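Please read the points below with the sequence and the structure side by side. They are numbered so that each can be checked separately.

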Amino acid sequence: MKTALVQMNPTVGALKSNADLVVSKARQAFAEGARLIVFPELAIAGYPPEDLILKDHFCGDCEKELERLKRELPPEATVVVGSPIVRNRKKFNAALVFQDGRIVGEYHKMLLPNYGVFDEKRLFEAGTEPLVFEREGQRIAVQVCEDSWDPDGAAVAALAGKEIDLLINLSASPYHRGKLLNDRIHVLAKTARKLDANLFYCNMVGGQDELVFDGASMVFASDGSRLARAKQFEEDILYHDSQTKDRGSRKEAPLPDLEEVYEALKLGLKDYVDKIGFQRVVVALSGGIDSALVLAIAVDALGKERVASVTMPSQYSSSGTLGDAHEMAQILGIEFHEIPIKGLYDGFAGELATVWGADKQPGLAEENLQARIRGNLIMALSNEYGWLVLTTGNKSEMAMGYCTIYGDMAGGFAVIKDVPKTLVFDLCRWRNEQAVVIPPSIIERPPSAELRPDQKDSDSLPPYEILDPILADYVENDMGIDGLVAKGYDEAIVRRVVHAVELSEYKRRQSPPGVKITPKSFDRDRRMPIVNRYRN
């Protein structure tokens with residue numbers, strides 16, 4: 001039997017177009033000879049649907065699309081589709097098995113994840129029964145995502161003694177950097193061995209708000225060996241035929257680390273822009289490394305025709321950064337504007353002098369004033385032309401509060417919000433290895449906000465090569481001060497970092513969403529109170 005794992009890119013809430021995509025992909029796979037066709041978890045609703053599930057009319061509209069699938073899917077094929085359903089006034093994360101114009105099987109997800117980015121226990125009831133059906137002499141079981149991730153868990157245990165030949169897993173497993181792909185391979189291979197069954201894993205692909213789903217659907221033999229793998233970060237159909245000599249297997253090579261991260265950022269940005277409906281984006285191009293990376297990602301993801309940029313030099317902007325901004329815009333061939341802010345700054349400062357006195361020495365308020373003038377200007381362009389503003393702050397800055405609320409934080413999408421500063425440098429170097437689009441001087445120049453004379457980031461922050469590992473252990477690994485110091489970090493720097501992270505929670509809560517690429521992002525994973533008197 002030829003099987004197709006359809007790695008599709010749905011949009012949350014676009015029920016009709018998601019169902020249309022299921023029908024068209026199922027017909028395509030059927031025309032290629034597939035008789036068992038599998039789609040990802042919650043393919044009809046999109047993932048994660050969040051509190052849309054609490055709306056009865058939303059779940060009812062999902063079921064209307066399931067009724068349509070009965071009529072429009074190839075009746076000769078067995079098609080497995082993920083969708084929310086309501087049974088006896090209870091809502092389930094379900095997999096539906098279609099054949100002969102009807103639903104011949106129904107499975108309710110048993111293990112509901114409630115950690116990290118997942119919040120399913122407040123939305124769904126847990127299923128209690130396994131599903132096994134037969135097709136062409138094979139006994140086939142169905143599970144949904146988390147069910148197969150615990151080889152010793154209740155969902156796998158429920159299949160013990162069922163003598164299945166094949167386990168199908170419908171998944172919506174989001175990406176993060178690290179050993180994620182290897183972790184998936186390890187645990188799914190273990191589940192295949194535990195059940196002594198082939199395992200077909202069909203994962204979603206695409207960006208949804210902060211999350212990126214990377215696809216990489218896979219086929220495992222009963223001994224746990226991996227027979228095939230689909231593409232990462234692209235819609236794909238992975239075919240597998242157990243009867244042919246090579247079984248139709250295709251093993252896509254895993255992407256190298258930096259390319260994988262870059263592709264995740266591209267996909268997250270592109271889908272956010274396209275699914276919301278923006279035609280163009282705008283980047284404040286300072287001549288610094290963060291805005292350079294954001295601009296490169298935007299052009300690579302959307303094309304130069306959909307990207308505009310503006311540089312807003314002040315009296316503290318160097319000729320080097322201003323020249324680099326011009327050069328990068330020229331290299332990329334994008335729309336570019338220059339709006340100096342010194343006159344505006346002088347006007348603001350003059351008016352404020354009536355309150356704070358003409359003899360006041362410039363300080364943090366004046367630095368932030370420049371950033372907020374720039375925020376006003378770029379949001380005015382957004383208002384006038386309907387451009388989505390891409391902010392340029394990185395994770396290191398967001399963690400430490402080294403950013404200006406209502407200034408450089410003003411915008412609609414924070415592309416590199418979850419990218420540490422050291423990784424920003426690595427990604428820029430990697431991008432230039434493909435083709436030089438970032439002037440090398442941008443990468444070589446010491447980072448500076450350029451809000452006062454001769455300013456450097458190192459004046460306010462520890463060196464990034466010291467800061468970023470501390471932030472990773474504190475934010476992502478939840479280590480305390482004692483543990484960080486025991487690991488070898490300088491205690492004074494650790495205390496300074498921890499204090500800054502906790503003090504800046506209110507800023508982060510007001511920042512735009514951004515692509516999640518680390519195991520714990522500020523947007524989805526880390527939920528800290530703003531009013532918080534606890535100090536480690």
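1. In the contact between α8 and α9, L344, Y345, F348, A349, L352 and W356 of α8 meet A365, E366, L369, Q370, I373 and L377 of α9; contact means heavy atoms within 4.5 Å. By class, this contact has 10 nonpolar residues, one polar and one charged. Ala, Val, Leu, Ile, Met, Phe, Trp, Tyr, Cys and Pro count as nonpolar, Asp, Glu, Lys and Arg as charged, and the others, Gly among them, as polar. Helices (H or I, at least four residues) and strands (E, at least two) are DSSP runs, numbered from the N terminus.

2. This is a predicted model, in which local features need pLDDT of at least 70 and side-chain atom pairs count only at pLDDT 80 or more, while totals for chains, interfaces and linings use all residues. Residues are numbered from 1 along each chain as its sequence is written, and side-chain values use heavy atoms, with hydrogens and water left out.

3. The axes of α8 (residues 342–356) and α9 (residues 364–385) come within 11 Å and cross at roughly 130°. Axes are lines fitted to C-alpha atoms, for helices over the stretch in contact, and angles run from 0 to 180 degrees between N-to-C directions. The two helices, α8 and α9, are therefore oblique to each other; angles under 35 degrees count as roughly parallel, over 145 as roughly antiparallel, 65 to 115 as roughly perpendicular and the rest as oblique.

4. An open sheet is formed by five strands in the order β17-β16-β15-β18-β19, with parallel pairing. Two strands pair if DSSP finds at least two bridges between them. β17 (335–338) and β19 (413–414) are at the edges with a single partner strand each, so one side of each lacks a neighbour in the sheet. Four bridges link β16 (residues 307–311) to β17 in the parallel sense, and T311 stands opposite E338 of β17.

5. Helix α6 (residues 289–302) packs on this sheet and touches β15 (281–284), β16 and β18 (388–391); its direction makes about 160° with that of β15. Helix α7 also packs on the sheet, where it touches β16 and β17, and its direction makes about 160° with that of β17.

6. Where does G323 lie? It is in helix α7 (residues 319–332). G323 is partly exposed, with a relative accessible area of 34%; buried means under 20% relative accessible area, exposed over 50%, and partly exposed in between (1.4 Å probe, protein chains only). G323 and G287 are 36 residues apart in sequence, and their C-alpha atoms are 7.5 Å apart in space.

7. β6 pairs with β7 (residues 138–144) in the antiparallel sense over four bridges, and R135 has Q138 of β7 as its bridge partner. In their hairpin, with two residues between the strands, E136 takes a positive phi near 50°.

8. β7 is largely enclosed by the rest of the structure, because six of its seven residues are buried. Five bridges join β7 to β8 (residues 166–171) in the parallel sense; V142 has I168 of β8 as its bridge partner.
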